[in-house]
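Please keep the sequence and the model in view while reading.

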Amino acid sequence: MKNELFDREWFKLDNAAKIYPAAKSSRWNAVFRMSAVLNQEVDPDILQLALDDVINRFPTFRVTLKRGFFWYYFQYLAKPPVVEEEASYPCAMMPLTGRDHLFRVRYYSHRISVEVFHSVTDGTGCINFLKTLLLRYCEICGAHVEDVGDILHYEDNPAPEEAEDSFSRCIDKSKGVLPRKEPKAYQIKGQREKRGVLDVTHGCMPFEQLHSAAKSRGCTVNTYLVAALTYAMLRRQRYEHKTKKLPVRVQVPINLRKIFGSSTLRNFAGYYNTTIEYGDWSFEDIVKELDAQLKGNITPEYCQKFINSNVALEKNPVIRIAPRFLKSAVMDMSFYLVGESVMSCAFSNIGNVIMPKELQGFIDRFEFVLGAQKYMDNAMTCASFAGKTVVTFSRTIKDPILEREFFKVLTEHGIDVTVDGNGR
Amino acid sequence: MKRCRKCGVEVDESLRNCPLCGAHVNDEAVRSKTEYPQINPKSKKRMFWEISLFISLFAVAVSVILDLIVNKTLSWSIHVIFGVALPWICFARPLLLRFNVRKRLSWGFFGAIALLFYLNGWINVFTEPWAFWLGAPVAVLVWQSVSEVLCFVHREGRGDYEMSLTKLAVLSLACIGISFLWLKQCTWGWYVCAARGVIDVVALCIFAREKYFAELKKRLHV
């Protein structure tokens, strides 16, 4: 049976997806997770039925990763995915054997989680999949939904635009490329956890309080959270007895779909690194500076240059004809040099998740977890649903240094934070 | 809701300690809906392989040190190194990485060829490289035969065995080149392997044309 959407059994990886198989190692590959905590215990049989219905709506998920001589590629996988009870740490390594799916659906207690290898999709694609899965799960449970809104319904046919490589479509060579040289940034280090362990801490808070705190400082919630993260890291750096103080740089992803009018379910995100030099900053000054950086730099021109830089590298004839193992070595090195070594922390916000009003009673909250980073020890994410915001920290070091500092900042601003997680 | 006195944050009812600072917050633990399962970070299987690897490396290190102390050179310890490395590469690695039949077969043949080269080096230090001009071609011929049978049996499969035959043809042709560079001549063994490889490829082009070219296009896309 062929993948009807593509009318062929394989397809190329998109531009952003190519870095992840190249940078993978025996101990790490890029996995992230989106979860929904329900108000009732998850029924695995119903979840399996829902997954069976939903998977054909997302043909770009029904693939496995194969090695070609020049590039990796996705091969259609006929075997159906199976839901599994959570039996390992969140975002455990995805088996890239060429025989398994590149995503998994897990459940435990009240939580349904979708974990994805980053080459398959980005946060937007994954949340779309989870929303469709939840909708179908609730429908089987007896919910009747009048208007599904922007959720992709499992009975609809997948549109070709959902499978396009938007990076290739949106290239415009006349707009130039981005300079990619940035100096090293401060990173929180500590005693490493055992191999395979990922400590996750969720901080749940009322969205209204967060919104008011941001509004009173004249910025968006996103900027406020980046500012709190930066402030927490600067404060931490002050305690450390290192003579060389480094800037704090937070990687903020940009959803390029809205800017370039794409509805792809594959990767289509860029990023911008906010930078605050080490110094005696007040929180308000950091907010002003970050607001200026984010508003002034994240423009369509910047995004166009970002796409051009990435695609130009991919289309370089020398790189194209190099064997895969050579490319992988070079890409792995660049992943470190222009990627994780110049960042203090990755931050990703999927924003407010909107579900039909009939399902509001079924779902308590959404969570977003970034898996272990290859060279960084901390990552932060945020997801909001029905007036509840969950800020999640994932770390591969034992001491929750960053989250402690971060939530202290929030509680100092009068936000009620409830924390839980998988640690201790 | 419980509150941590140190951090000032509210802590979920199910937790005994604050996840941020570890401070004790209450005696009662209640199961909640945001709970995660308790996980043992190391499985027994992984521990077995890690202990095996540690013992192997320890044995190699002790052998090398003893050999260097006693003989002032690497003599018998080379056999220990090879004796440990070969099973690890050919058996433990395919098992650890969940290789499929085709890959295990490939690593088995690689192991056999490596063993031949090792014996050749041990017996006459490659003054007469019989492992290259006789041993390896015979192994490749057997490998080609097995791949041809599997290719025929799995002709409705994904094309992996067709690709194996192509790789063996390329390998044989490359070895002819290496022969001329290394020995300044080529022996009949590699000519036979290359001829058989070319025949295999031609047969695939004739009898499985569509599938074969689709597979080549997929794997060689630039």
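Which residues does B:Phe99 touch, not counting residues up to four places away in sequence? B:Phe99 touches B:Pro94, B:Arg104 and B:Trp107, where a contact requires that the C-beta atoms of two residues, placed from the backbone, lie within 7 Å. The model is a predicted one, in which local features need pLDDT of at least 70 and side-chain atom pairs count only at pLDDT 80 or more, while totals for chains, interfaces and linings use all residues. Residues are numbered from 1 along each chain as its sequence is written, and chains are lettered from A and ligands numbered from 1 in the order in which they are written.

B:Phe99 is found in the loop between α2 (77-96) and α3 (101-124) of chain B. Helices (H or I, at least four residues) and strands (E, at least two) are here DSSP runs, numbered from the N terminus. B:Phe99 is partly exposed, because 15 other C-beta atoms lie within 10 Å. The scale behind this term calls a residue buried if 20 or more other C-beta atoms lie within 10 Å of its own, exposed if 12 or fewer, and partly exposed in between, with C-beta atoms placed from the backbone. From B:Phe99 to B:Ala203 the separation is 104 residues in sequence and 28 Å in space, C-alpha to C-alpha.

Is B:Phe180 buried or exposed? B:Phe180 is exposed, because 11 other C-beta atoms lie within 10 Å. Not counting residues up to four places away in sequence, B:Phe180 touches B:Gln185 and B:Cys186. B:Phe180 and B:Gln144 are 36 residues apart in sequence, and their C-alpha atoms are 23 Å apart in space.

Chain B is divided into domain 1 (1-35) and domain 2 (124-222), with bounds that come from an automatic or database domain assignment. The centres of domain 1 and domain 2 of chain B, taken over C-alpha atoms, are separated by 64 Å.

Chain A is considered next. Chain A has twelve helices and 15 strands. Its 424 residues would have a radius of gyration near 22 Å as a compact globule, and the 21 Å of chain A agrees with this; the radius is taken over C-alpha atoms, and the globule rule is 2.2 Å times the number of residues to the power 0.38. Along the principal axes, the C-alpha atoms of chain A fill a box of roughly 60 × 55 × 40 Å. Of the 424 residues, 49% count as buried. Among contacts in chain A between residues at least 6 apart in sequence, 78% join residues at least 24 apart.

The domain assignment of chain A gives domain 1 (10-160) and domain 2 (181-421), and 22 Å separate their centres, taken over C-alpha atoms. In the contact between these domains, 48 residues of domain 1 meet 44 residues of domain 2. On the domain 1 side, the elements of chain A that give two or more residues are α1 (19-23), β2 (31-38) and α3 (123-141). The largest share of that side, nine residues, comes from α3(A).

Five bridges join strand β3 (residues 63-67) to strand β4 (residues 72-76) of chain A, and the two run antiparallel; strands count as paired if DSSP finds at least two bridges between them. A hairpin joins β3(A) to β4(A) through four residues. A:Val63 stands opposite A:Tyr76 in β4(A), and A:Leu65 has A:Phe74 as its bridge partner. β4(A) also pairs with β1(A) in the antiparallel sense, over three bridges, and there A:Phe11 stands opposite A:Phe74.

How many residues does the contact take from chain A and from chain B? It takes 40 residues from chain A and 28 residues from chain B. The elements of chain A that give two or more residues to this side are β1 (10-12), β8 (199-206), α10 (317-321), α12 (401-412) and β15 (418-421). α12(A) gives the most, with five residues. Strand pairing also crosses between the chains: two bridges join β15(A) to strand β2 (residues 10-11) of chain B, and these strands run parallel. In this pairing A:Thr418 stands opposite B:Glu10 in β2(B).
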